[in-house]
Amino acid sequence: MSSLRQPVIHLKGVQFGWKPGTVVLDIPELLVNQGEKVFIRGPSGSGKTTLLGLLGGVLTPVAGDVSVLGNDIGRFSSARRDHFRADHIGFIFQMFNLIPYLSVIENVTLPLGFARKRRESVQSMGVDAGQEAIRLLNHLELTDTQLLQRPVTELSIGQQQRVAAARALIGRPELVIADEPTSALDSDTREAFIRLLFTECEAAGSTLVFVSHDSALEALFDRSVALNEINRASQHRPLSAEVSEVV
Ligand SMILES: Nc1ncnc2c1ncn2[C@@H]1O[C@H](COP(=O)(O)OP(=O)(O)OP(=O)(O)O)[C@@H](O)[C@H]1O
């Protein structure tokens, strides 16, 4: 059951370890409200990507609740989590994960093939998938029509990053998760990208969780969360022996 008043993310008593007896994350509570743009910072190896894996239902906690849009996704079956992720969450990965043999537009429309809800969202706008991809790409300042037909491998890193953002945003997912998508860019380009991303998240009503170790970016966001401050595991407290490995 979901309602507009529920937070988009609510982690409660969440623990995760990659191996039995080890703990990477031990987070008593984390709340992110609808429409917030939250920056999560932490040094390399502090568990930022692991946290995003839990939020996206790619990983499941060994203890606690991972509630996304009012759904305790840690208790979903793997297939249900895959559907939930496709329908409700847009990801921007550090390495972008674009498909090299597809064109720019095909890369952007790709998630719609797996996500009925996002497909319907595009249909409800009275446009087709290709038109919506072009609209988003134009908003992200990729306007050269010839470039949009080309394989993504022919694009610069900054251009690929904006393609990855358009792919995450298409179909207006409620949650957009970005994992260090600016690390390959200079600081001016980084900030310009983040501002474009904010504008599009606001237009779509999407909540944004953005992870980075680059604290120069945090002032741009509504809120900044230091992972080490909310994560008791950063004090190297071992998990209880009965905790089993998470696959
Ligand atoms: N697939 C995995 N199997 C085992 N251990 C892992 C795996 N992925 C990450 N880890 C470990 O979990 C810890 C947190 O890693 P994670 O990638 O979440 O950190 P991070 O904060 O995102 O780092 P970075 O900023 O370098 O990307 C590290 O000690 C890492 O070695």
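Student: Which residues surround the ligand?

Tutor: A residue is near a molecule if its C-beta atom, placed from the backbone, lies within 6 Å of it. Here the ligand is surrounded by Trp18, Val24, Gly42, Ser44, Gly45, Ser46, Gly47, Lys48, Thr49, Thr50 and His213. This is a predicted model, where local features need pLDDT of at least 70, side-chain atom pairs count only at pLDDT 80 or more, and totals for chains, interfaces and linings use all residues. Residues are numbered from 1 along each chain as its sequence is written.

Student: How many residues of each class does the shell around the ligand have?

Tutor: The shell has two nonpolar, eight polar and one charged residues. Ala, Val, Leu, Ile, Met, Phe, Trp, Tyr, Cys and Pro count as nonpolar, Asp, Glu, Lys and Arg as charged, and the others, Gly among them, as polar.

Student: What is the angle at which helices α7 and α8 pack?

Tutor: Two packed helices are described by the angle between their axes and the distance between the axes. Helix α7 (residues 157–169) packs with helix α8 (residues 187–204) at about 15 degrees, their axes 11 Å apart. Therefore α7 is roughly parallel to α8 (angles under 35 degrees count as such).

Student: Where is Glu120 placed?

Tutor: Glu120 sits in helix α4 (residues 116–124). Its C-alpha atom is separated by 7.6 Å from that of Gly171, 51 residues apart along the chain.

Technical notes:
Axes are lines fitted to C-alpha atoms, for helices over the stretch in contact, and angles run from 0 to 180 degrees between N-to-C directions. Helices (H or I, at least four residues) and strands (E, at least two) are DSSP runs, numbered from the N terminus. Angles under 35 degrees count as roughly parallel, over 145 as roughly antiparallel, 65 to 115 as roughly perpendicular and the rest as oblique.
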